[in-house]
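Here is a friendly briefing to read alongside the structure. Take a moment to turn the model around before you start on the points.

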Amino acid sequence: MSDFIFSRHVVDPGKLTREIQKIFSEDKPLVDEFHGEWGSLAVSRNHYNGFLPYENSKHIFIVIGGPILYFRKNDFLDEQSSNIATKEIYKLWYEKRIRWDKDLSGPFAVIIIDKETGNIEFITDLMSFIPIYVYQDANSNNILISTHVDVLAKVSGRNKELDIISCSDFILHGVVTFPYTLYKDIFQVQPASIHHIIKDSNKIQSEAYWIPEEIYVYNSVKDAAEALLNSLRNYINHITSNVSNVAQFISGGEDSRVLTALLKKYPRDAYIFLDYMNREGIIAKKVAEAYHANFKLATRSKTHYIEILPRSADLIGSGLQYHHAHTFRFHKDCKLIQYGAVFGGLFSDALLKGSRIKKKNISKYLLLVPEIKDEHASRILINNNKFLSPVILEKINIRRKEHLEYIKSFRKESAHEWVELWPSSMNFSIANIHANRRLFKSYEPFLANEVIKISASIPQKWKLNRKLFRTATKSLLKRTKWVSHSDGRLPYFPWYVNSILQFLFRVNRRIGLKIGYIKGNQGPWGEWKNILKSHEWRIAVTNYKDSFKLISSAFSEKDVTKILNDDSIHHFQRINLLQLLYQIKKMSEN
């Protein structure tokens, strides 16, 4: 299933279906509705086979997403849609044998209705890759729960009750600090937890079934690397042994290269999305050929990322950066729905290579200086900003400090890293998962439960300089050892070799751009500096700028057109603001 919304108070039949279907611009999914004395529940059907709702005389049992089952074969994956997997998970749960951190791997959310007692239970995955949001109405004693924040806001009547601090937070950071959302009184629940609502109670009781405590369990990098490689292979084998038609995403980077090597035994299509065939595409094609994948290029317009704003923003929901929905539109053009599994390489950098660890700048500028953690740096606090008021900045800082202190309670040394990982909504790239899982059968090996646990149980120094990652994947990279990464590195080799290569690459690129023998967009994504100067950008600003009046109290600058066209403001903050203005307009109209 893709999404659910539950209301303790009974809702007129059809209303919840209409709200869920509004998030899809086309190919609106079928929605199953359930009603009883316990309330109302609507669940949209997704693409993963085996996960239709299961209902018996006592319970309604719903699984959102397509987690891999580790307690049995996943032979239902290539069959016609059924509720085989749902029933199997229910059986374990009913017999009180379920281990949520071991038996299911990958993104999922579960909600269970006890029709006899009216009690509700809902469960989040290890990192809340599929978040669950809650609204508790103190006046009516109603509780509403959903996996899509805008659907919840609309059904609860909170869609016009904006949280100005969260709106400002999103503009600055591309995320909303946990547990807040863009809406007042709507909150995200804890990851890796079992949540209970007892009938006639307005309180949610929660218990964690796993916490990423800072406990190191491996004796050496080699031991952790072996466990990591086995985990990736295990996750992929559970899928590929049960599906017949496989695809993957490919790029000029090393994560997709590792993925390509892991899938080399299987006939598959390897997709890349670009403005046109460029350096990124040339590298990706070489990698695809080395590992016998069928390379497929799909091209987009130069203003693609403005064109998809309304539809992809609706799909993923407010408070998430829409432009990480990179596959949107291509899911139709490339017919990704036809594949039994489409593999991606998301979150490897964040979990395994320390991309969320703040490093000292010296390694960026001097050769043969490795990455070194900056013990005194913080990603949390904002001291000043040219367009937001100091009062708003201070309120954002208070929220971010509170979340940091919570993370410190179980990760003292690595709190500043995990504050951007736990839950996953604190990572701005997470919208990629939210889009893909609603559009096709998306699988991300680096989100497997074992990979997450390895990330949580190793020292940060093993992540720096790709130490763990390279140790684990070196054998997989051997076939492409002389094919460069899109940033100039050779991923097969250690950091001290690549430091020289990257320095030469940067010098060559700077000279090439200046002289003119390097032209155009050579990377995987659009060129924002050109997009923000385009006619399409100006049209979007005109269409959405009137929404600014609802959040203008947070700003020191009252002319939103000036903010959106100010080149001194980071382009992603301007894009976040434009997206927010669109979503305010959309939610205010409905």
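Predicted model: local features only at pLDDT ≥ 70, side-chain atom pairs only at ≥ 80, totals over all residues.

Helices (H or I, at least four residues) and strands (E, at least two) are DSSP runs, numbered from the N terminus. Residues are numbered from 1 along each chain as its sequence is written, and side-chain values use heavy atoms, with hydrogens and water left out.

- Most residues other than glycine have a negative phi, and most peptide bonds are trans.
- Arg 329 is not a glycine, yet its phi is positive, about 85°.
- Arg 329 is partly exposed, because its relative accessible area is 23%; buried means under 20% relative accessible area, exposed over 50%, and partly exposed in between (1.4 Å probe, protein chains only).
- Asp 27 also has a positive phi, near 50°, and is found in the loop between helix H1 (15-21) and strand S2 (31-36).
- With a relative accessible area of 55%, Asp 27 is exposed.
- Phe 178 and Pro 179 are joined by a cis peptide bond with omega of about 5°, and Pro 179 sits in the loop between helix H4 (164-173) and strand S12 (186-188).
- Another cis bond runs from Trp 422 to Pro 423, with omega near -10°; Pro 423 belongs to the loop between helix H14 (415-418) and H15.

**A buried strand and its partners**

- Why is strand S9 (residues 120-124) largely enclosed by the rest of the structure? Five of its five residues are buried, so the rest of the structure largely encloses S9.
- In a regular strand the side chains alternate between the two faces of the sheet.
- In S9, Ile 120, Phe 122 and Thr 124 are buried on one side, and Glu 121 and Ile 123 are buried on the other.
- Strand S8 (residues 109-114) runs antiparallel to S9, and five bridges join them; two strands pair if DSSP finds at least two bridges between them.
- Across this pairing, Ile 111 is opposite Phe 122 in S9.
- S8 and S9 make a hairpin with five residues between them, and Gly 118 in the turn has a positive phi of about 85°.
- S9 also pairs with strand S13 (residues 193-197), antiparallel and over four bridges, with Glu 121 opposite His 196 in S13.
- Glu 116 is located in the loop between S8 and S9, and its 55% relative accessibility means that Glu 116 counts as exposed.
- Beyond its neighbours within four places in sequence, Glu 116 is in contact (heavy atoms within 4.5 Å) with Ser 57 and Lys 58.

**A parallel sheet**

- Five strands form an open sheet with parallel pairing, in the order S17-S16-S15-S18-S19.
- Its edge strands are strand S17 (294-299) and strand S19 (442-443), each of which pairs on one side only.
- Strand S16 (residues 268-274) is parallel to S17 over six bridges, and Asp 269 is opposite Asn 294 in S17.

**Nonpolar cores**

- A nonpolar core is a set of buried Ala, Val, Leu, Ile, Met, Phe, Trp, Tyr and Cys residues joined through side-chain atoms within 4.5 Å.
- How many residues does the largest nonpolar core have? It has 175 residues, and those with the most contacts inside it are Phe 61, Trp 100, Tyr 322, Ile 551 and Phe 555.
- Helix H5 (residues 221-240) gives the largest share of this core, 10 residues.
- Apart from this core lies another, of 23 residues, including Ile 64, Ala 109, Ile 132 and Ile 197.
- Not counting residues up to four places away in sequence, the residues that Phe 555 touches include Ile 171, Phe 387 and Leu 577.

**A loop near the end of the list**

- Lys 558 is in the loop between helix H21 (535-544) and helix H22 (560-564).
- Lys 558 touches Phe 548, Ser 552 and Ser 553, leaving out residues up to four places away in sequence.
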